[in-house]
Amino acid sequence: MITALVIMALGAVVLGAALGYASIRFKVEGDPLVEKIEAILPQTQCGQCGYPGCKPYAAAISAGEAEINLCPPGGMDGVRKLADLLGREVKPLQAEEKPKQVAIIDEQTCIGCTLCIQACPVDAIVGAAKQMHTIIEPLCTGCELCVKPCPVECIHMQPIAENLDNWKWKYPVIEIKRAA
Amino acid sequence: MLAQLFGFKGGVKPQTNKTPSVQQPIGVAPLPPRLFVPLHQSIGGAPNPLVQAGERVRKGQLIGGADGWVSAAVHAPTSGTVLAIEQHVAAHPSGLPTLSVVIEADGLDEWIDRRLIDHRSLAPERVREILRDAGVVGLGGAAFPSHAKLTPARAVPVEHLVINGAECEPFMTCDDMLMRERAEEIVRGIAIFRDLLAARQVLIGIEDNKPEAIAAMQEAVRRLAEDYAVVGVPTRYPAGGAKQLIRVLTGKEVPASKRSTELGVQCFNVATVYTAYRALAHGEPVVSRIVTLTGNVRQPRNWDVRLGTPMCDVVALGAPMADTSCYLMGGPMMGFEIPDLAIPVVKATNCIIAGSPKLFPPNPPEMPCIRCGACAEACPHELQPFELYWFSRARNFGKTQEYHIFDCIECGCCSYVCPSHIPLVQYFRFAKSEIWSREREKNAADAAKARFELRNAREEREQAEKAERLAKAAAARTTERKVPSAGPVAPDGQPAVADFVAVSPTSDAEAIKKAAIAAAMERARAQRELAQPRNTEQLNAEQRRQIAAVEARRAAARAAPAVEPDIPSAVPASPPRVGE
Ligand code: SF4
Ligand code: SF4
Ligand code: SF4
Ligand code: SF4
C-alpha cells in the first residue's frame, strides 16, 4: 500500500517536472496565429477591411475582435481558408467580389502632382514632381488607394484579362459540357 | 554493340496508326501567302521583336532576339515584308492571342547570307550562343531551348548522351521519316552535341516498330565511322518520354527533383539534333520543321512546313474528309484540340491529326472510381493516379502535391486504361495549373508585403529624421539668439539680458516661426516668378519639330490600338525642373 502511494507520488513528481521543463524549453516565440492569418490575407494593403493594412486585420482576427469575412480582395476563397484555420463558421463576404485589377494612369492627363505616389502602399508608381507618372503593373496590387487622391481623375482600374501567362486548365466537368 | 536494355514500369500499347503517313517521302509544303510567326515559341523568356511593320526581311533573318539565357531566337521563315507585329491566336489550347510577326511572303524565298561554322574551331560557350541565336529548341514537343541543356554539370561528367528517336505517340511519324531520309545529317549533328557535352557514350534509342529508321541510322553511323550505339527499344508507350528512354537505355532513374545532367545523362530529340546541324554547318536557323499530317485525311503525309504557316493551309494539303469534326496538335495521348485553324505551325508542332467521331469517339460519361488500381499499374512514374484524382477533384491541392502530382508527365496512360472512363489527365492538368496560379499569387502577396513593410519603415525613418532636423534647427536658432543678446550691453547701460527675459520665450519662438514661414513663402513666390516662362514657350525650331513628331507618334499609337503598352516618350524640351 505504502509502496504504491510512493510510486504514484514519485511518478507525479517526475512527470510534473518533465512537463514544466518542456513548457520552458519549447516555448513558442511571438504569436504564430497572427502570422498564419496574415499568410492567408492577400497583402493588397487596401484597408477595405477597416484596418490600416493586412497585418492589423490579422491581429484583430486573432484577438477575436474582427469577423473573418471583411477582406474583399481575399474573396470567398480567403474566407474559407480563414474559417478552416480558425475553426470558425464560413460567412458570406461583406462586399462583392471583384476580379483582380490594376491601376492605369492616363499619361496625357497626369499633371505630376505626386499625390498618387504618396497613396500607393507598395511603391508601385514612379514619377517626380511635374513629371508624368506611371504605374509598374507587375507591382500594383489593385488596392485602388491611388484613384481618389488624383486631382484630375486620370487613374482608373482595369481588370486583368486572361492571357497566356495566367491561363488555367478548367475543371474537367466544364470541358465535357462544352464538348457535348 | 547492343547495350543491355532495362525496362520501365507501366505503360500501355495503344494502336499505333503510323503506317498511313509513311507511304510517301517528306514533302515540302507550299509557301503560304501570309505567315504569322509567334515571338514566344520556346520555354523561357519571350523574345523581343527586332523588326518593324513595313520592313523587308529575308529568309532566316532574326526577327525576335532571345531574352535571357533560357530563351531562343525567332527568325523570318521566308523573304517578304513585315505587315504588322500584332496579337494573333497562339498555338495553345486556350486560343488566346500572343504577339506575332505577320509576314507577307514575296515568293522569292531569298536567304540571308549564311555563315557556315565549324563548331570545333570555336569555344563551347560561343557554340551555345550560336545555337540560341539560331533558335534551336527541343522539337519533341517541349520546346526547351537546347543550348541551355548543353552545359555539362561541373561535378558530374556526362556519361551518356541519349538521342531520342523513339517516337512513341500513336499517329506520329515525323521523326521516323526524318531518320529515314536525313540520317547522315542527324549523325553529324550528334557529334556537335557530343563535343559540347564531352559525352563518353552516345545511345540512339528508336522503337523497334521502325526498322527502316533503325537501319538508316545504323548505316549512317557506319558510313561516318562513329561509335554510336543505335538501339531498338521495345515498342511501348511512353518509351519516348525522356525519363523512360533514359531508364531503358542506361538503367538510370531520374527523380523529379533532379535534372538528368546531375546523373550524367542528357537527352535530345533527333529533330533537334538535325536543326542544330543545319544551324552550324549550313548557317540556317530554325525556320521550318517536319509535321505529320494524318488521321481523317485522304492524303496522310509528312510535310516540311515553314514556321508560322496557318494550320488551315497545312490541313488543306491532306484533303480532310467530310466528317472531320476536330483537329489535334500533337499526338492523341498528349496533344490538345486546336481551338482555331488560324493558329500557326510553331516549333512545338510535331503532328496535326484530323479527328472524326469515328476515329475518336466521344468519351463515355465519367463513372465513379472503383479503385481497381489499373491506372497505378499503367503509370510509368509509379504514381497513384486514383489518389491524385480524388484530391484534384476535391480541390485538395496540398494532398495532390504530397502524392507527387508534379512527377506526372501527363502521358495519359492512366486515362487510357481507366475502366470508368475518368479523364484523369484533365483533372491533373487542372490541379497543376491551380497550384501554379496559387504559387504566383503567393509570391505576389509576399512581394507586396515586403514592399509595404519597406515603405512603412522608410516613412518612419523619414519622419524621425525630419523631427530630428527640426529639433536641431530650433536648438540652433535659440543659441543664435542667445549669444548676441547676452553679449552687448544696451545703450542705456542696462544689460540686455533683462531685455531678453522680458520677452516671453513662447511668443518669441512663434515670431521666429512666423517670420520663417513668411520668408519661405516669399522665396517660393520669387521662384515662381523666376520660373514663369513655361517650358513650352521660347522654343527653337528644332525643339518644336521634336514635339510635333512626338505628338504625331502618340496620335498614331492611339489610333491603331497599340500592341504593347507604349509609354509615350515625353521628351521635355528643356531640362526637367524638379520641385520648387
Ligand atoms: S481588405 Fe484584405 S487586402 Fe485589404 S488591407 Fe484588409 S486584409 Fe489586406
Ligand atoms: S498603383 Fe494604385 S492600385 Fe496599384 S497598388 Fe498602388 S495605390 Fe494600389
Ligand atoms: S483505373 Fe480508374 S477506376 Fe481504376 S482505380 Fe484508376 S481511376 Fe479508379
Ligand atoms: S498521366 Fe500522370 S498519373 Fe497518369 S499515367 Fe501518366 S504520369 Fe501517371
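In which hand does α2(A) cross α3(A)? In this predicted model, where local features need pLDDT of at least 70, side-chain atom pairs count only at pLDDT 80 or more, and totals for chains, interfaces and linings use all residues, side-chain values use heavy atoms, with hydrogens and water left out. Residues are numbered from 1 along each chain as its sequence is written, and chains are lettered from A and ligands numbered from 1 in the order in which they are written.

The crossing of α2(A) past α3(A) is right-handed (the near helix is turned clockwise from the far one by less than a right angle). Helices α2 (residues 32-40) and α3 (residues 54-62) of chain A pack at an angle of about 125 degrees, their axes 8 Å apart. Contact (heavy atoms within 4.5 Å) joins Leu33(A), Val34(A), Ile37(A) and Glu38(A) of α2(A) to residues of α3(A) including Cys54(A), Lys55(A) and Ala58(A).

Turning to the ligands, 14 residues surround ligand 1 (a heavy atom within 4 Å), and the closest are Cys46(A), Gly47(A), Cys49(A), Cys54(A) and Cys71(A). Around ligand 2 there are 13 residues, of which Cys120(A), Cys140(A), Cys143(A), Glu144(A) and Cys146(A) come nearest.

In chain B, helix α1 (residues 124-133) has Val127(B), Arg128(B), Ile130(B), Leu131(B) and Arg132(B) as its buried residues (under 20% relative accessible area, 1.4 Å probe, protein chains only). These buried residues of α1(B) pack against α3 (183-197) and α6 (270-281) of chain B. Gly135(B), with a positive phi near 70 degrees, follows α1(B).

Terms used. Axes are lines fitted to C-alpha atoms, for helices over the stretch in contact, and angles run from 0 to 180 degrees between N-to-C directions. Helices (H or I, at least four residues) and strands (E, at least two) are DSSP runs, numbered from the N terminus. Buried means under 20% relative accessible area, exposed over 50%, partly exposed in between (1.4 Å probe, protein chains only).
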